[in-house]
Amino acid sequence: MPQLEAIPAIDFQTETYKDAYSRINAIVIEGEQEAHDNYLTLAQMLADKKEELIGLSKMENRHMKGFQACGRNLKVTPDMVFAKEFFSELHGNFQKASAEGKVVTCLLIQSLIIECFAIAAYNIYIPVADDFARKITEGVVKEEYTHLNFGELWLEAHFEESKAELEAANRQNLPIIWKLLNKVADDAQVLGMEKDALIEDFMIAYGEALKNIGFNNRDIMRMSAQGLIG
């Protein structure tokens, strides 16, 4: 029988790895920080869900601290300036929507787009992570599903009156994810994460979320394609 080619082990101590990790680690730290802030904003917008949303924000804060520990473990300083710029467009759109009282748009950005992006990235990262980061990330990804679930349940319960705003918010924000994936592709590759796998996992998770809310398959195909058009 032909021998299977072994997957080369990743050397977590090379300068190349640490350089790429400084940006990827910063992105997940900033992503969790923004999620913490976004859920606190949503807690003010959805008074009847305030306690639940504050609980989600606290969870995101714990995740951020876990990822900060991952960077310290590898003796890497996260490039937070890069990360803030990375999320600036989504951040700006969330801030604008919250100022206008657009709960549906805010939930689509945070509870669907950002959570699906995070879940896809974490699931692709876990098999290639160092032992310390793997344990942290495995714990985080389980909890991210509860955040995705919050947005799905709220939007499903308000689907008919939310549908038009969801489609508009998708058209505006999904193309940003493609730009972010392109921006991070080279660094992700150094960490052993394939861009195509990231896109595939994101689209599966996002498509399932849209289905759970109430969109049919034709809607999902059309809305997913808007990411590519952007």
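**Buried residues, packed helices and enclosed space**

Colleague: Why does Ile-177 count as buried?

Modeller: Its relative accessibility is 1%. Buried means under 20%, so Ile-177 counts as buried. This is a predicted model, and the value is computed from it.

Colleague: Where does Ile-177 lie, and how many residues separate Ile-177 from Ile-114 in sequence?

Modeller: Ile-177 lies in helix H7. In sequence, Ile-177 and Ile-114 are 63 residues apart. In space, their C-alpha atoms are 8.7 Å apart.

Colleague: Is Leu-153 buried, exposed or partly exposed?

Modeller: Leu-153 has a relative accessible area of 47%. Buried is under 20% and exposed is over 50%. The value falls in between, so Leu-153 is partly exposed. Leu-153 is found in helix H6.

Colleague: How far apart are Leu-153 and Ala-209, in sequence and in space?

Modeller: Leu-153 and Ala-209 are 56 residues apart in sequence. From C-alpha to C-alpha, they are 9.8 Å apart.

Colleague: What about Lys-75: buried or exposed?

Modeller: Lys-75 has a relative accessible area of 70%. The cut-off for exposed is over 50%, so Lys-75 is exposed. Lys-75 sits in the loop between H2 and helix H3 (80-86).

Colleague: What is the phi of Lys-75?

Modeller: Phi is near 55° for Lys-75. That is a positive value in a residue other than glycine.

Colleague: On to the helices. At what angle do H1 and H2 pack?

Modeller: Helix H1 (residues 15-45) and helix H2 (residues 50-73) pack at about 165°. Their axes are 8 Å apart. Angles over 145 degrees count as roughly antiparallel, so H1 and H2 are roughly antiparallel to each other.

Colleague: Which hand does the crossing of H1 and H2 have, and which residue classes make up the contact?

Modeller: The crossing is left-handed. The contact of H1 with H2 has 14 nonpolar, nine polar and three charged residues.

Colleague: What makes H1 and H5 parallel or antiparallel?

Modeller: H1 and H5 pack at about 150°, with axes 11 Å apart. The cut-off is over 145 degrees, so H1 and H5 are roughly antiparallel to each other. Their crossing is left-handed.

Colleague: What lines the largest cavity?

Modeller: Its lining has 30 residues. Ile-24, Ile-27, Val-28, Ala-121 and Tyr-122 lie nearest the centre. H1, H2, helix H5 (103-125), helix H6 (131-157) and helix H7 (159-190) each supply at least two residues of this lining. By class, the lining divides into 22 nonpolar, four polar and four charged residues.

Colleague: How much space lies in the second largest pocket, and which residues lie nearest its centre?

Modeller: The second largest pocket holds about 170 Å³ of space. It is lined by 13 residues, of which Ile-119, Tyr-145, Leu-148, Ala-205 and Glu-208 lie nearest its centre. H5, H6 and helix H8 (195-213) are the elements that give two or more residues to this lining.

Colleague: Which element gives the most to the lining of that second largest pocket?

Modeller: H8 gives the most, with six residues. By class, the lining of this pocket has seven nonpolar, three polar and three charged residues.

Definitions and conventions. Residues are numbered from 1 along each chain as its sequence is written. This is a predicted model: local features need pLDDT of at least 70, side-chain atom pairs count only at pLDDT 80 or more; totals for chains, interfaces and linings use all residues. Side-chain values use heavy atoms; hydrogens and water are left out. Axes are lines fitted to C-alpha atoms, for helices over the stretch in contact, and angles run from 0 to 180 degrees between N-to-C directions. Helices (H or I, at least four residues) and strands (E, at least two) are DSSP runs, numbered from the N terminus. Angles under 35 degrees count as roughly parallel, over 145 as roughly antiparallel, 65 to 115 as roughly perpendicular and the rest as oblique. A crossing is left-handed if the near helix is turned anticlockwise from the far one by less than a right angle, and right-handed if clockwise. Ala, Val, Leu, Ile, Met, Phe, Trp, Tyr, Cys and Pro count as nonpolar, Asp, Glu, Lys and Arg as charged, and the others, Gly among them, as polar. On a 1 Å grid over the protein atoms alone, a cavity is a set of points where a 1.4 Å probe fits but cannot get out, and a pocket is an open set with protein on both sides within 12 Å along at least five of seven lines; lining residues have an atom within 4 Å of a point. Buried means under 20% relative accessible area, exposed over 50%, partly exposed in between (1.4 Å probe, protein chains only). Grid points are joined across faces, edges and corners, and a volume is the space filled by probe spheres set on the points.
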